[in-house]
Structure formats: C-alpha cells, structure tokens
Amino acid sequence: MNSPHVHISKQLDQLETLDYPPFYEAIVERQIINLFTSNQINPEEFAYYCERFRRLAGREARMAA
C-alpha cells in the first residue's frame, strides 16, 4: 500500500498534466482534506499540499483567458 504522500503526490502530478477527467480537482481536494482530518498528514504537510493544489486548480481556465 502506498503512503498517503505518494498517493496525493500522484494525484497532484496528474493535475499538472492538464489531462484529467471532469471533477478530478474536486476529488483531489477532498482527498487532501480527508488525509488531514484522519491525521494521516500533519498541518505543515496539509498546508504544502493545499498550496500546491491552489497553484494547479483552475489553471486551465486561467490559461484560456
């Protein structure tokens, strides 16, 4: 079984490709929250993943504008 860090990193890597299924951003966001609320990642890791997610989420829409 992969660590939560490997799992969320792979999901965030997928967001970087701009080739992901509809609603994938919401799935990744929920996964980050779930990892934090289940104490699988600490507050510093949560902040790191949230920042990385914020940079990637909606990037396609910003690029089209």
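Is leucine 18 buried, partly exposed or exposed, and what is its relative accessible area? The views below answer this for a predicted model, in which local features need pLDDT of at least 70, side-chain atom pairs count only at pLDDT 80 or more, and totals for chains, interfaces and linings use all residues. Residues are numbered from 1 along each chain as its sequence is written, and side-chain values use heavy atoms, leaving out hydrogens and water.

**View 1. Leucine 18 in the loop between α1 and α2 (24-37).** Leucine 18 is partly exposed, with a relative accessible area of 29% (buried is under 20%, exposed over 50%, partly exposed in between; 1.4 Å probe, protein chains only). Most residues other than glycine have a negative phi.

**View 2. Phenylalanine 23 in the loop between α1 and α2.** Its phi is positive, about 70°, although phenylalanine 23 is not a glycine. The residue is exposed, with a relative accessible area of 71%.

**View 3. Helix α1, residues 4-16.** Helices are DSSP runs (H or I, at least four residues), numbered from the N terminus. The 13 residues of α1 reach 18 Å from first C-alpha to last, close to the 18 Å expected at 1.5 Å a residue (1.5 Å times one less than the number of residues). Pro4, Ile8, Gln11, Leu12 and Leu15 are its buried residues. They cover an arc of only 95° around the axis, which puts them on the same side of α1 (directions from the helix axis to the C-beta atoms).

**View 4. Leucine 56 in helix α3, residues 43-56.** Leucine 56 is buried, at 4% relative accessible area. Not counting residues up to four places away in sequence, leucine 56 touches Leu12, Leu15, Glu16 and Glu25 (heavy atoms within 4.5 Å). Leucine 56 and leucine 15 are 41 residues apart in sequence and 6.4 Å apart in space, C-alpha to C-alpha.

How values were computed. Helix = DSSP H or I, 4+ residues; strand = E, 2+ residues; numbered from the N terminus.
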